[in-house]
Amino acid sequence: MESKSSDRRKFLKNTAAFVGAAAAAAAAGRPVSGETPMSEMEMPDLAAAIAYGQRSPYVKSKRIPVLERMSPDDFGMTFHVTSPLQDAVGIITPSSLHYISTHRGSYVPNINPAEHRLMIHGMVDRPLIFSVDELKRLPFVTRTHFLECLGNRAKASHKTVQESHGLTSCSEWTGVPLSLLLKEAGVQSSAAFIVAEGAETVKGATSIPIAKAMDDCLIVYGQNGEALRPHQGFPIRLLVPGFEGMHNVKYLRRIKVVEKDYMTYNDYGHLVPDARVASLTRVIGPKSVITFPSGEQKLPGPGFYEITGLAWSGTAAIRSVEISTDGGQSWKAAEFRTPSHPMAHVRFAYPWMWDGKECVILSRSTDEAGQRQPTRAEAAKYWNMTDDKDFRVPGADNSVFPWRIAGDGSVHNGLA
Amino acid sequence: MGAFTMDWRKFLLLVAVMSLAPLANAQSPTYKVGRTPTAEEIQEWDISIGPDGKELPPGHGTAVEGAKLFREKQCVVCHGSKGSNGPAPTIIKSDGKTKSPYACLVPCVNDTNTIALHAQYATTMWDYINRAMPLNKQGTLKPDEVYALVAYLLFKNGIIPEDQVLDQKSLPKVKMPNRDHGALALEWKHGAPIVANYP
């Protein structure tokens, strides 16, 4: 024991010396590569860091509440919180950085999974109640899907891609197909919708057509290899691939099979006079955004860069992404650097030599259904409206978004 | 040999019949996991009120009673004394002077689309007040109180007279101003364009 203790002291002393040397090297402006870097010993709670890993203290990427309304607000409620897309790599959003939206502001519940239940009832032959453990006994699937809030609408005042597009994220989800549970319950032939309801304070509910419910919806308990996070609906949530975020009910506690749209609080909020707009509000159209170079970043000078970003569609997988570096006069194909899954983010890249001149860069995506992301001008023309600064793309805004790169390499919102 | 052949054919027939059985009723339970809720459990859990109001409980209320409850139940703390001057969504169209200092989030609720003016059915209001209000005291309102609060909001938004009694029968029949102006989304089909030929 004595010698071990002595070894430990020696180790600590040596480590301290290394740390000091590295700090001195950093202070002197010399690269520390090749020298022993500072160790995890520096961390305040080493045991906790070993039990559940943490990111490097040098990585500062974080979620930011939307500017319009703070989270938490004066009442302690959480509203809309954006994901730092400018720092993202690949297509999986770390669960800790997944954007957050709640049903018009609510408290994030702290649910004991052992006490949580899901009831399926209404127009079914056999109403059923499941515990979370029972759901986990059933055949599961694991799929990659994006989520996006209907409020993810770029404005001229937005400075960064986190502000303009940060209410979307993409995860690997694991759970039970909703169709499996509905078949167990026996859906009656006259059923037309389901009403899905959460267990949070406001018990947010939404109506979903039975055709979608019996198709590819999932009741998920897993996110990116571990349990769902409370901000994403722990212990279970509904996943409605491609449908606007609100339909993906968190803290799912009840599904009622019904004969018509039940016009819940969330449903009425989406009411518009035109069925086409209602459809474009419900399902996310093909969309894309360049995350590098993006707002408030700076290119150090002319030379080689890769333009990269994310593309997604609520209807199908993304088939292709095109890039313009001349404000939309010409378009060239980008490469995919990840698989393109249905209703998921895909990571695109476009190798590019910047000549140092001011330019506007754009991306546009096309999905496997043949839908192409419209420019604001194309959308305005379709709706017979004027494409000015006040033009608000009807439905979920999936329009092509411009970044302007100034001669000094600084990147700015092209709508401004 | 003959007997063996017969058995073998019978066996094949049996396999064929068994494999067809699930097709006869594609929705017969396969896993038999989970349990059947009791009728009481379903009644207790089911707080969904559809447009035709068939789930509405017995009870009644008027705007006069609702005005009193609006203060007593602390609705004013979040919605403001006038229903349009608090941090929570506007629920009574304003006089043009009292506006919420808080920015609207999508979907934005302001003077033009308070729930009374924008919802197609009064059941939407009954359902939401019953399930989600008051903040932090959800589930404490009695049916009479919910009817009265709906009546108050409908009256203050100019939809029903102050003395109209709302109950199981009359509430679903209230003609809401937006009743004929909201469109349901087009039929959804897997993998099909959201709107043909858009943009």
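**Cores, contacts and a sheet**

Author: The largest nonpolar core has 94 residues, and A:Ile219, B:Met125, B:Val150 and B:Ala151 have the most contacts inside it. A nonpolar core here is a set of buried Ala, Val, Leu, Ile, Met, Phe, Trp, Tyr and Cys residues joined through C-beta atoms within 7 Å. Buried means 20 or more other C-beta atoms within 10 Å of a residue's own, exposed means 12 or fewer, and partly exposed is in between, with C-beta atoms placed from the backbone.

Reader: Which helix gives the most to this core?

Author: Helix α7 (residues 143-156) of chain B, with ten residues. Helices (H or I, at least four residues) and strands (E, at least two) are DSSP runs, numbered from the N terminus.

Reader: And what other core lies apart from it?

Author: One of 32 residues, including A:Phe146 and A:Met343.

Reader: Before I go on, what about numbering and confidence?

Author: This is a predicted model: local features need pLDDT of at least 70, side-chain atom pairs count only at pLDDT 80 or more, and totals for chains, interfaces and linings use all residues. Residues are numbered from 1 along each chain as its sequence is written, while chains are lettered from A and ligands numbered from 1 in the order in which they are written.

Reader: OK, back to A:Ile219. What is it in contact with?

Author: Leaving aside neighbours within four places in sequence, A:Ile219 is in contact with A:Leu135, A:Val176 and A:Leu252, among others. Contact means that the C-beta atoms of two residues, placed from the backbone, lie within 7 Å.

Reader: Is B:Ala122 buried or exposed?

Author: B:Ala122 counts as buried because it has 30 C-beta neighbours inside 10 Å. B:Ala122 sits in helix α6 (residues 122-132) of chain B. Its contacts beyond four places in sequence include B:Val150, B:Leu154 and B:Met176.

Reader: How does α3(B) pack on α7(B)?

Author: Helix α3 (residues 63-72) of chain B meets α7(B) at about 100°, with the axes 7 Å apart. Axes are lines fitted to C-alpha atoms, for helices over the stretch in contact, and angles run from 0 to 180 degrees between N-to-C directions. So α3(B) is roughly perpendicular to α7(B); that label covers 65 to 115 degrees, with under 35 roughly parallel, over 145 roughly antiparallel and the rest oblique.

Reader: Which residues meet there?

Author: Among them are B:Ala63, B:Leu69 and B:Phe70 in α3(B), and B:Ala148, B:Ala151 and B:Phe155 in α7(B).

Reader: Switching topic: how many residues of chain A are in contact with chain B?

Author: There are 64 in chain A, touching 50 of chain B. Helix α8 (residues 275-282) of chain A supplies the largest share of chain A's side, six residues.

Reader: How many helices and strands in chain B?

Author: Seven helices and two strands. Of its 199 residues, 32% are buried.

Reader: And what's the strand order of the open sheet in chain A?

Author: Five strands run in the order β4-β3-β12-β7-β8, with mixed pairing. Strands pair if DSSP finds at least two bridges between them. β4 (128-131) and β8 (205-209) of chain A are at the edges, each with a single partner strand, so one side of each has no neighbour in the sheet.

Reader: How many bridges join β7 to β12 in chain A?

Author: Six, between β7 (residues 193-198) and β12 (residues 252-258), and these strands run antiparallel. A:Ile194 stands opposite A:Val257 in β12(A).
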